[in-house]
Amino acid sequence: MNSAKLILDNKEYELPVIVGSEGEVGIDITQLRGKSGAITLDSGYGNTGSCESAITFIDGEKGILHYRGYPIEALARQSNFTEVAYLLINDKLPSKTELDNFNYSLTHHSLIREDMKKFFEGYPPSAHPMGILAAMISSLSAYYSQKDDMDLNIIRLIAKIKTLAAFAYKKLIGQPYIYPRNDLSYAADFLNMMYAVPSEKYEVPKVLEDALDLLLILHADHEQNCSTSTVRMVGSSEANLFAAISAGVGALWGKLHGGANQAVLEMLEKIQKDGGNYKKYMDMAKDKNSGFKLMGFGHRVYKNFDPRATILKEACDKVLSELGITDPLLDIAKNLERIALEDNYFVERKLYPNVDFYSGIIYRAMKIPTEMFTVMFALGRLPGWIAHWKEMRSNLQSRINRPRQIYTGNVNQKYVPIESR
Ligand code: SDX
């Protein structure tokens, strides 16, 4: 299958077809407008490939997710976040020496410039940490030039994002900043900066360090999702890495995307406050006029289970039992899932729990405040965003992204001076 035929206005056009390494078929319409004068239309890009990519493969029907060809289940069970970050960005699993050097670099670039602390001072306690994070990441471009070595800027960004996130949290709760420590793992260092206070010794519980490391792995990439496509869009104009990633943070913030984990918790808390009447909310979710959607359910690509949700559901039970926590919200979540999996509305539309459905419950068990949940998603997704930015920038054929449109506005308007309007 190497071509497709399109008949338009009784003319036949032959279009090349490409087949990916996992057998996906794409009709290449790069020359369509030049040959036929017509463009295609695909609102929400549900059927449109923006690029060829070798980073992540998803099979939505089979619930498959691979990072650089490695199944997410194997990486979740056997790898760790910085190794997965290295894999995504460098397209290879690191040797022990390579990983030690990568971890050493991440550790020794985790401080932010002292004068950046002044930026935090202007925010009110009500500021959302995602807005602060987007601003701070973009502000890194004031200190690190795009002319610097790209790999060094990549290290700086992965190393500093957890410091920026933890400082934003400390600023919002009015506590002193806790500086990064060189003796801790990536996940443990973040938790230490979040929870340590100068007045007492804090030991990061291993169960929390392991849970966070797993959550970061599961969020590390997801091919052309909204925020990653935003990073590629901004990067395609040759804007610097920090500007492109800052834009990705902005896109992730929306509750239909990364903001869903915060929205799931707020929904579960609302159901709990409403006497735990989850059936009422299931009915609302099925009623188009209610404007209510079941947060954490549904996915543009997964029309079967989201493999990350399956892993997270097990991790939820494990973390809660190890911490000795019984969370009524988890019971509500499990009841919602059970009913949805049997309810025709959800089954017909293939709406299953997605990555955001259970992650919020683990973050809550880790005492991460709800408004920090999407920041946690950004920490995890950063290596994926960087890998896509690097892939797009190293492809010499890549052009600035500039979609077309079909104009449906007014035509033949005659200008009338204001006096006569
Ligand atoms: C993430 O793309 C990615 O990979 C994203 C992500 C990643 O790792 O980057 O996986 C992370 O963003 C996960 C998704 C988190 N968002 C939510 O949980 C918010 C709730 N979900 C929905 O808003 C929705 O399911 C989306 C946004 C996730 C997907 O939207 P689509 O693909 O545009 O699907 P749709 O809105 O066209 O839905 C199809 C039908 C519609 O009903 P009909 O018009 O066919 O009658 O399903 C209904 C929708 O109304 N529907 C829901 C629903 N999700 C879809 N009805 C109730 N509750 C829901 N959650």
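How many nonpolar, polar and charged residues are there, by class, in the lining of the second largest pocket? In this predicted model, that lining has seven nonpolar, one polar and five charged residues.

The second largest pocket has a volume of about 300 Å³. It is lined by 13 residues, of which Ala 76, Leu 214, Ile 311, Glu 314 and Ala 315 are the closest to its centre. Two or more lining residues come from each of helix H2 (72-78), helix H9 (206-218) and helix H14 (307-322), and H14 gives the largest share, six residues. Because domain 2 (72-253) and domain 3 (260-365) both contribute to the lining, the second largest pocket lies between them.

Helix H13 (residues 278-286) has buried residues at Tyr 278, Tyr 281, Met 282 and Ala 285. These four cover an arc of only 105° around the axis, which means that they sit on the same side of H13. An α-helix has 3.6 residues a turn, so residues three or four places apart point the same way. The cover over the buried residues of H13 includes helix H12 (260-273), helix H15 (328-342) and helix H16 (344-348).

| Residue | Phi | Loop |
|---|---|---|
| Glu 223 | about 45° | between H9 and helix H10 (226-235) |

Asp 91 has a relative accessibility of 46%, and therefore counts as partly exposed, a class that runs between the 20% limit for buried and the 50% limit for exposed.

How values were computed:
Residues are numbered from 1 along each chain as its sequence is written. This is a predicted model: local features need pLDDT of at least 70, side-chain atom pairs count only at pLDDT 80 or more; totals for chains, interfaces and linings use all residues. Side-chain values use heavy atoms; hydrogens and water are left out. On a 1 Å grid over the protein atoms alone, a cavity is a set of points where a 1.4 Å probe fits but cannot get out, and a pocket is an open set with protein on both sides within 12 Å along at least five of seven lines; lining residues have an atom within 4 Å of a point. Grid points are joined across faces, edges and corners, and a volume is the space filled by probe spheres set on the points. Ala, Val, Leu, Ile, Met, Phe, Trp, Tyr, Cys and Pro count as nonpolar, Asp, Glu, Lys and Arg as charged, and the others, Gly among them, as polar. Domain bounds come from an automatic or database domain assignment. Buried means under 20% relative accessible area, exposed over 50%, partly exposed in between (1.4 Å probe, protein chains only). The arc is that of the directions from the helix axis to the C-beta atoms. Contact means heavy atoms within 4.5 Å.
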